[in-house]
Amino acid sequence: MTRPDAENQDLFSIADLASEFGISTRAIRFYESKGLLSPERVGATRIFRKRDRARLILILRGKRLGFTLRDISDYLSLYDADRAQQVNLLAGKVDERLALLERQRNDLETTINELRDIKQLAEQRLTKKAG
DNA sequence: TTTCTCACA
DNA sequence: TGTGAGTA
């Protein structure tokens, strides 16, 4: 099934969304099993609406930015309930994420500098022997 | 094609 | 955080 209802552009099958976003249908079911998506059902078959598609876009963006599914789930669960709380949560998570990335960048710079020092020492010894 | 579940990385 | 395989 690629078109649950050809008349209705608002409906998507799991295969539609998987191919549109380049992910597996398994991944989409996995997100559902974690509570991040809750498509309607016709029998056992999932029917996704624009709203579900919008949530999937947010899930994929969150993942790309390095957030866990748990983080994303917490954020999405506030989507309808409390916008102010949602913005606060997001701000906090973004701060955490930025802090982590900055620590990692510092660690990387330290490691890079250390490796450069080692390389420089090694090259100095080589030129001494050669010369 | 889609579903679910279990094992596995 | 997913994937593969078997199944109905």
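**Around DNA strand C**

Biologist: Which residues are around DNA strand C?
Modeller: This is a predicted model, where local features need pLDDT of at least 70, side-chain atom pairs count only at pLDDT 80 or more, and totals for chains, interfaces and linings use all residues, while side-chain values use heavy atoms, without hydrogens and water. Residues are numbered from 1 along each chain as its sequence is written, and chains are lettered from A and ligands numbered from 1 in written order. A residue is near a strand if one of its heavy atoms lies within 4 Å of it. Those around DNA strand C are Ser 24, Arg 26, Ala 27, Phe 30, Tyr 31, Lys 63, Thr 68 and Leu 69.

Biologist: Which helix gives the largest share of that surface?
Modeller: Helices here are DSSP runs (H or I, at least four residues), numbered from the N terminus. Four residues of the surface near DNA strand C, its largest share, come from helix H2 (residues 25-33).

Biologist: Now the helices: at what angle do H1 and H3 pack?
Modeller: Axes are lines fitted to C-alpha atoms over the stretch in contact, and angles run from 0 to 180 degrees between N-to-C directions. The axes of H1 (residues 14-21) and H3 (residues 50-64) are 12 Å apart. Their packing angle is about 35 degrees.

Biologist: Which residues of H3 make the contact with H1?
Modeller: Contact means heavy atoms within 4.5 Å. On the H1 side we find Leu 17, Glu 20 and Phe 21. From H3 come Arg 53, Leu 56, Ile 57 and Leu 60.

Biologist: How far apart are the C-alpha centres of domain 1 and domain 2?
Modeller: An automatic or database assignment sets the domain bounds, and chain A is divided into domain 1 (1-65) and domain 2 (78-131). The distance between their C-alpha centres is 35 Å.

How values were computed
Helix = DSSP H or I, 4+ residues; strand = E, 2+ residues; numbered from the N terminus.
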